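Try each task before reading its solution.

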Amino acid sequence: MGDFIKNLFGGSKPAPAPASNVDDDFADFDPVPSPSPIYSSPSSSSAPTAATFPEHDTLPTSVPYTKWYRVWERTSPSDFKNEAIIIPFILLLAAVHIWGRRKNKRKVDAWAVAHIPVLEGEFASVGFGKSVKEQLGRDSKSDEVPGAGDRDIAAEGLMKETTAQEYATYATGRQNVAFADVKVKLFKRYNPFTLAIEMILSFLFESMRAPKENMEITVHAFDGKEKELVPVKSKAELDAKDSRFKGLQNSGYDACVWAVVHKEQMKRLRDERYDVSLTATKDHKSLPMWASVMSESAEVTETLLTKELIACVEKAGEETFEYLIVTDQPIDKPSKLDEANPRKRVILSLRLPSSLQASAYKPTIPLFEYCLRLPDVLVATAHFRPEVTRRIKSTREEEVKKLKKADEGEKAEERRLEAEKKKKEMRDTRLKGLSAEEQRKFLEREREKGQKKQEKRMSRKA
C-alpha cells in the first residue's frame, strides 16, 4: 500500500533490470563481474572528494589485501637453504681470487723495485711504454734516480701482466745485445684448488713438474747482425747507422753451448732442452758442491767460468740459483732446416724468495748484472782454437745433414705422389675417350700387367 502511494505522488521508481542477451545455451554460467578500480591512499595535499568519483557514493577506504606482495608471509627462511650455501661460497672464492691477484702484483712490484734500476743502467729503453722518468713527469735528461715509492707507481708500465700468474718486461738499446726478455712466473694464488692439485700430482708422479716461482731472463746477442736487426725509417737513418756501426767492434763470437746448472735441474734440462743435450756434464772444483758445468768442450769451460761468475753463483745460493746457459741452438729439436739456424743468447733462471720485500733480492742482483754483461765477455773472449771450433761445428753439421736428408726424402715423396696423380689423370682422360669394348680390353691388359708384376715380386721373395 505504501509503495502504491509513493508511486501515485511521484516517488522514485526502481530502474528496470537490463534485458539479458545471454544465450540460452550458456545460461548456467554467471556473468563476469566488472573489475572495481583500486585507488591509492589519499594524501593530505590532494584529498579526493565525492565529486571525483561520481559513479560511487562512497570513497575507497584502504588498499585491498593481497598476500602476493607480502614476501614475509608467503616465504620462510627454509626456502633459501641453497642460496645460504652457494652465496657465501661464491663470495669466498671471489675474496681468495682478489687476494691472490693482489699478492702476486705486490711480489712483482718488489721484483721490479730491485731489478729495474739494473736494467735501466744497462739498457736505453726498459718496459713496454714510457720510461720511469717520463711516467713521473721528470726531465729525461735529469740524473735524479726515482725512488722505491716512485717505482711502485710506475711498475705497471714496466711490467706487463701476460696472465694472472706471469708478468713480463722488455729491454733494448745496448752494445752487443739486441734485446732482453724477462719473465716472472708466480704461484696460482688466485686459484688455490688448482695449485693444490698441481702440488699433489707433482708429489705422486715424477713426470709432473712441481709449481714454483722463478724469474727467467733471455739476452739475445747481436752476433754481428746490427745492420739487419736495427730498424731504420729512411735512407738518411740508414747512412747514419752505417757510419755509426762502422767504427764499432765486431759483436760476433764463436758458437757454443755451455751452462752452469744446479744439480737438481740437470736431468730435467737434458730431457726438455735440445741444446743442453749436446753437452757433457762435469763437476768443477771451483764451483759449490750443488752446482755443475755442462759444456761441449773443456776449453769453453776454462774461458767462460770466471772467478766473478763463481762468486756470483755462490752468493746467489743453493735455494735460489737454477741455471745459467750460453747457447746458440733451439730449445726444441729442429725438424726443419730453418729451425736449425743459430740464435745466440744467454739465459738465466732464478727462483724467487718468499719475501715481499725488495731487499730479499740482494743476493741475486750481482748474478743478474753479470748475465746482462756476459755478451761483452763472450765478444771479448769466446774465440776458441780451430780444433775446438771444428769439433763444435761438426755436431751441428751432422744434425743439418740429417735434416737435409729428411727434407730431400719428403720432397722425393711429394714428387712421387705428384707423378702418380698426373699418371692417374692421364689414364682417366684416355678411358673417357674409348668405347665400352675398348675400355674392357684396356682394363684386362692392366689387370694382366698387375698380375705379372705380382708374380715377379713373389719369385724374387722366394
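A charged patch is built from residues with over 30% relative accessible area and no salt bridge, like charges being joined within 9 Å. Lys and Arg count as positive. Please keep in mind that this is a predicted model.

**Exercise 1. The positive patch**

Task: find which residues gather in a patch of positive charge on the surface, and work out which helix gives the most to the patch.

Solution: 
1. Start with the members: K423, R430, K441, R445, K449, K452, K453, K456, R457 and R460 form the patch of positive charge on the surface.
2. Helices α13 (386–432) and α14 (436–461) each contribute at least two residues to the positive patch.
3. Finally, look at one member. K453 sits in helix α14, and it counts as exposed because its relative accessibility is 52%, where the cut-off for exposed is over 50%.

**Exercise 2. Salt bridges**

Task: the structure holds 27 salt bridges. Examine the ones formed by E122 with R174, K188 with E198, and D275 with R273, and state which parts of the chain the E122 pair links.

Solution: 
1. Take E122 and R174: their closest N and O atoms are 3.0 Å apart. The pair links distant parts of the chain, with E122 in helix α3 (residues 81–122) and R174 in strand β3 (residues 166–174), 52 residues apart. Both E122 and R174 are buried.
2. Turn to K188 and E198, whose side chains meet in a salt bridge at 3.1 Å, N to O. K188 is in the loop between β4 (177–185) and α6 (192–204) while E198 is in helix α6, so this pair ties together parts that are 10 residues apart in sequence. E198 counts as partly exposed because its relative accessibility is 25%.
3. Then inspect D275 and R273, where the closest N and O atoms are 2.9 Å apart. D275 counts as buried, at 0% relative accessibility, and R273 counts as buried too, at 7%.
4. To finish, follow shared partners: salt bridges join E122, R174, R373 and D376 into one network.

**Exercise 3. The nonpolar patch**

Task: which residues make the nonpolar surface patch, and which helix gives the most to it?

Solution: 
1. List the members: I85, I86, F89, I90, L93 and F193 make a nonpolar surface patch of about 610 Å².
2. Assign the main contributor: α3 gives the most, with 5 residues.
3. Classify one member: L93 lies in helix α3, and L93 is partly exposed, with a relative accessible area of 35%.

Terms used: Residues numbered from 1 in each chain as written. Predicted model: local features only at pLDDT ≥ 70, side-chain atom pairs only at ≥ 80, totals over all residues. Heavy atoms only, no water. Patch = residues over 30% accessible without salt bridge, like charges linked within 9 Å, V, L, I, M, F, W, Y side chains within 5 Å. Areas by Shrake-Rupley, 256 points an atom, 1.4 Å probe, with all protein chains shown as cover. Salt bridge = Lys/Arg side-chain N within 4 Å of Asp/Glu carboxyl O. Charge placed at Lys NZ, Arg CZ, Asp CG, Glu CD. Helix = DSSP H or I, 4+ residues; strand = E, 2+ residues; numbered from the N terminus. Buried < 20%, exposed > 50% of the residue type's maximum accessible area, 1.4 Å probe, protein only.
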